[in-house]
Amino acid sequence: MKSLVMSVCAALLVGCSTTTPPVVPVIEPPSVALPAAKVPPRIGLALGGGAARGFAHVGVIQVLEEAGIRPALVAGTSAGSLVAAIYASGKNGAQLQRVAETMEEAAIADWTLPIFSRGMLRGEALARYVNTQVGGHPIEDMPMPLGIVATDLNSGRDVLFQRGDTGMAVRASSAVPAVFQPVRISGREYVDGGLVSPVPVRAARRMGADLVIAVDISSPPEGSLTGGTLDILLQTFSIMGKSINSLELKDADVVVRPALQGISSSDFSARKRSIEAGRQAMLQALPLLRAAIETKTR
């Protein structure tokens, strides 16, 4: 029988054997631990108030874009809320500049008789302008998370709008007392966010920022013209917020201060100078920002 089996195996060219083949051990390659991928910090951009000097925010955003640094979220107060809303809607630096250059003061100013109201401007035109620029999108539908800071006139507390009508929130955030009428939202009245948060660093933190870039344009520039009533109101308002601002800015990782000397809070004609001042200030702050990003990358 054994010889028959051997003959069949040979005929089929099969290497049969009556003995059990040796077991060859399987050697597993040593496991190599891969380095964990580094996670960059969640960057928040906090844009402060300063009326017409807010054009400087456009220059800051342009330089960040050119450096390949895109914030994860943006918060704004007063003039900063206007730029923040348009930026969060998806416009890039070049588009923001076109908006700035074509913005007419008449498009956001709806004057009224102060003897019959609580402000010289109603603010409805500003709300309409903002909603047109953002395509009518509410705050929660923006491509970039957006926060808008206003002051609750009844409680004196800061309120962070992250939902609702974008134009209405910007109008509330920009309602400088005696200049704009207070804004009523859901039964409460709101005025300019700069009363309690001139640069919304805390708001950016609450929104989840690990690293906050604060753009401070709130300090009144030296030598600015104060001949008109509106200039005096805006500059007085800015001076009042300086002590609050200094405390909040301590919580920022990088503070950008455009050189805006000689530019009035109501000077729309100086928009190009303001944009360039924002660019230069952000360029100077880039090394510090990159170092902060590296430090906070996990």
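**Entry 1**

Grid points were joined across faces, edges and corners, and a volume is the space filled by probe spheres set on the points. The largest cavity has a volume of about 690 Å³. I found 41 residues lining it, and those closest to its centre are G50, A51, A52, S78 and A79; a lining residue has an atom within 4 Å of a point. The elements that give two or more residues to this lining are α3, α4 (93-102), α5 (105-108), β6 (178-180) and α9 (229-240).

**Entry 2: basis of the model**

I note that this is a predicted model, in which local features need pLDDT of at least 70, side-chain atom pairs count only at pLDDT 80 or more, and totals for chains, interfaces and linings use all residues. Residues are numbered from 1 along each chain as its sequence is written, and side-chain values use heavy atoms, with hydrogens and water left out.

**Entry 3: the whole protein**

I counted 11 helices and 10 strands; helices (H or I, at least four residues) and strands (E, at least two) are DSSP runs, numbered from the N terminus. Of the 298 residues, 49% are buried, that is, under 20% relative accessible area with a 1.4 Å probe and protein chains only. I recorded an accessible surface of about 15000 Å², with 58% of it belonging to carbon and sulfur atoms; the areas come from the Shrake-Rupley method with a 1.4 Å probe. Among contacts (heavy atoms within 4.5 Å) between residues at least 6 apart in sequence, 74% join residues at least 24 apart.

**Entry 4: the annotated pair**

I looked up the UniProt record, an unreviewed entry, which places the feature "active site" at S78 and D192. These residues are spread over 115 residues of sequence, yet they cluster in space, with a largest C-alpha distance of 6.1 Å. Both S78 and D192 are included in the lining of the largest cavity. The annotation may be inferred rather than shown by experiment.

I located S78 in the loop between β2 (73-77) and α3, and D192 in strand β8 (residues 188-192). S78 counts as buried because its relative accessibility is 9%; D192, at 1%, is buried as well. The two side chains make a polar contact at 2.8 Å, a term I used for a pair of N or O atoms within 3.5 Å, one able to donate a hydrogen and the other to accept it. Leaving aside neighbours within four places in sequence, I found S78 in contact with G49, S173, S174 and D192.

I checked helix α3 (residues 79-88) and found 10 of its 10 residues buried, so α3 is largely enclosed by the rest of the structure. Just after α3, G90 takes a positive phi of about 115°.

In helix α7 (residues 166-173), 7 of the 8 residues are buried, so α7 too is largely enclosed by the rest of the structure. S173, listed above as a contact of S78, is one of the buried residues of α7. I found D165 capping the N-terminal end of α7, with a side-chain oxygen 3.0 Å from the backbone nitrogen of G167.

**Entry 5: N245**

I placed N245 in helix α10 (residues 242-249). N245 counts as buried because its relative accessibility is 2%. Apart from neighbours within four places in sequence, N245 is in contact with P198, V199, D216 and S218.

Key
Buried < 20%, exposed > 50% of the residue type's maximum accessible area, 1.4 Å probe, protein only. 1 Å grid on protein atoms, 1.4 Å probe; cavity = no way out; pocket = protein on both sides within 12 Å on 5 of 7 lines; lining within 4 Å.
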